[in-house]
Amino acid sequence: MAKAVKKKESKPFFKFIKWFWILFVVGIISVVLIFLLASMNAFGELPDFERLENPQTNLASQIISSDGELLGKYYFEDNRTDVAYEQLPKHLVDALVATEDARYFEHSGIDARGTLRAFFYLGKKGGASTISQQLAKQLFTGQAARGWQRYTQKIKEWVIATRLERQYTKEEIIAMYFNIYDFGNNADGIRSASRIYFSKEPKDLDVKESAMLVGMFKNSSLYNPTPKRNPEGTLNRRNVVLAQMAKYGYITQKEKDSLQKTPLSLNFSPENHKEGLATYFRMYLQGFMSDWAKKNPKPALKGERDKWNLFLDGLKIYTTIDSRMQKNAEVAVERHMTKLQAEFFVQNTPERNKTAPFLDLNKDEVNRILERGMKTSDRWRSMKRNGKSEKEIRAAFKKPIAMKVFSWTTKTKNKDTVMSPLDSIRYHKSFLRTAMMSMEPQTGHVKAWVGGINYKYFQYDNVYSGSRQAGSTFKPFVYAAAIDQLRLSPCDSIMDTQHCIAAGKHGNTDAWCPKNSDGKYSGEMMTLKKALAKSVNSVTAKLIDEVGPAPVVQMAKKLGITKELPEVPSIALGTADMSVYEMVGAYGAFANQGVYVKPVMVTRIEDKNGTVLYEYTPETRDVMSKDVAYAVVNLMEGVTNEGSGARLRSGSSNAKFYKEVMTGHPYELSNPIAGKTGTTQNQSDGWFMGMVPNLVTGVWVGGEDRATHFRSIRYGQGATMALPIWGMYMKANYADKDLGISDKAFTKPKNLSINVDCAKVRKEMQQDQRVDDDIEDLDF
């Protein structure tokens, strides 16, 4: 009886064994069948041998101007240089393997253990993608699909991964993966990423730097280390990578703990193009396109990448820049800056200025400027990477060597010379810099963009990135707020006497008593129009006292000024830093009848087949009434008719001065022009903002360091430093009738409620005064 029971119990066991082997065999056959079908393109076309051998296609993206001209191209080679596996430091590879694929050197493209783990835990304990699969995805399968399509896509990635493993060595696959990845900020591939984020070659990366870059593989858009993006998140992600390296024995626990306490230590140095028309604009555009690509995933087209690549995908970028106006702008900048710089050199010879090119600094302050310039130079970083001691580096900086330096006097804008690297830093700091932007106010279309004097030597873009004190070019914002809030008119008068705002009023910590630029006061009643034309500080101080700083700040914000503006009276005289980009956009609202239109640089983006990928939508907002805007324009017309901008109209009796620095004079512009000059303290910054009905242009000129400036206001004022560029630029624009630049009057609103005819007002006042006098003479 016992034996019978034993026989009954054995049947389920053998049945279980039977079904186990059946399911096992069926599973094996199914897997083989799935892979077989996938390899036969049953789930979609797979790359053939030729595409596996040549997975990348080099198609340059084109930058096209509004008049149909090619401004330039973005080439694959410009910003991506493949790095061989032998050039990658071991700890960089270790970080990748530890974080992305711990059994990379053990499998053949598919990690069975990782796949089973992902299957049973539904991906909660890590994904199953190997480095080979991730490379396959980036190269061939495109953007991740959804639902069941994702499963078939995954199968295709498995097949491609195994083919890659047969086609390439493990080391070659790792090198390809590092070279193909977009690390953000135009850092395509590991070499660009190393240079952009740390200013060094990949082979020179240390462990913590390698860990940061590997951490960005998870999501370079999210883990962006730049200060304005996500440095804290990137630091945390880097520390996760270091923990993974310790987990798998690539570094010790002690090393991990020590490295996790260190900062990111970025040495951020963006790389861009250097030659051709609109170089500074193209530098800005490259950043714009990078941001656009991150926000606009590429459609999942077979055989293509899942992200748009500016250097590979043959995009056509249609811009608002007009090549003719851009050329006029660059010619005007070069002509004037050549002459202005020559005069600056004359006034800053060692005999005249022992601390040239700096003024008002002692020897220690000058040395600190040079020290900072030396330590941030490419030469210093390169020597440091090569193991040179600080003593050796400093000695090298003082040793004369043959080099090329910038020069306005040569056709190529550089000259061969012999000087020490330290002297070359001082030499290049002696060159005045400039920024210029021109925009159509009705559309926001930016027509010209000059960010500096020479991109090869001075790559900082002063249009968008640079900010300097606006000086008197800020005053129209004060006048606009006063006219809007207090219902004043350009013909209302205020007495020209020194005005003090007491401590504690309007946020003042101390009493504020600004002086006029010449220290003199007429003591007479002065119209707002004359006060702005003569840039009288006392009148501006009284206006901001009456209206208050808060409405002025609010007005500036509505006009597109993004910089933080303290709500204190001193902002009335332009003490806050502004960019040319913001100032041109703000002034555009005055010319556009009170409507602010955000500056636009790109109108359309197409792929290589002509499919439209992007079309811009204007960003606009009402800031002030048409009447207020017209009144402010009328005020600024006074600047060019009788104020500091009158040099645009007529010549001067001082022919020598005009010959020296007023390049292109006489400009002989007789059409209506609204404008404002600006000069900051010690003549460190010179501005001119000029407007005609369909074009607003801003120009700034100054030194890289604020201590680099002219000694006298005669040479250092905006009317001398910046206005000539505007005058020559507009004169050239008017000479080309096809550009359609308006020479008409600004549009006057119907039923204008603000009186702008000051001559009529004076006549009426005189008549009223005569009537009053007659009444007083009557003997009752």
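What is the pairing when the bonded cysteines of the chain are numbered in sequence order? In this predicted model, the pairing is 1-4, 2-3. A search of the whole structure finds two disulfides.

One of them joins Cys 491 to Cys 758, with an S to S distance of 2.3 Å. The torsion about this S-S bond is about -95 degrees, so the disulfide of Cys 491 and Cys 758 is left-handed. Cys 491 sits in the loop between α19 (475–486) and β9 (493–495), and Cys 758 belongs to helix α29 (residues 758–777), so the bond ties together parts that are 267 residues apart in sequence. Cys 491 is buried, at 9% relative accessibility. Cys 758 is also buried, with a relative accessible area of 9%.

Cys 500 and Cys 513 form another disulfide, with sulfur atoms 1.9 Å apart. Here the S-S torsion is about 125 degrees, so the disulfide of Cys 500 and Cys 513 is right-handed. Both Cys 500 and Cys 513 lie in the loop between β9 and β10 (525–527), 13 residues apart. Cys 500 is partly exposed, with a relative accessible area of 42%. Cys 513 counts as partly exposed too, at 31% relative accessibility.

The surface also carries a charged feature. Arg 335, Lys 339, Lys 659 and Lys 731 gather there in a patch of positive charge. Lys 731 is placed in helix α28 (residues 723–735). Its relative accessibility is 35%, so Lys 731 counts as partly exposed.

How values were computed
Residues numbered from 1 in each chain as written. Predicted model: local features only at pLDDT ≥ 70, side-chain atom pairs only at ≥ 80, totals over all residues. Heavy atoms only, no water. Patch = residues over 30% accessible without salt bridge, like charges linked within 9 Å, V, L, I, M, F, W, Y side chains within 5 Å. Areas by Shrake-Rupley, 256 points an atom, 1.4 Å probe, with all protein chains shown as cover. Salt bridge = Lys/Arg side-chain N within 4 Å of Asp/Glu carboxyl O. Lys, Arg positive; Asp, Glu negative; His and termini not counted. Charge placed at Lys NZ, Arg CZ, Asp CG, Glu CD. Helix = DSSP H or I, 4+ residues; strand = E, 2+ residues; numbered from the N terminus. Buried < 20%, exposed > 50% of the residue type's maximum accessible area, 1.4 Å probe, protein only. Disulfide = S-S within 2.5 Å.
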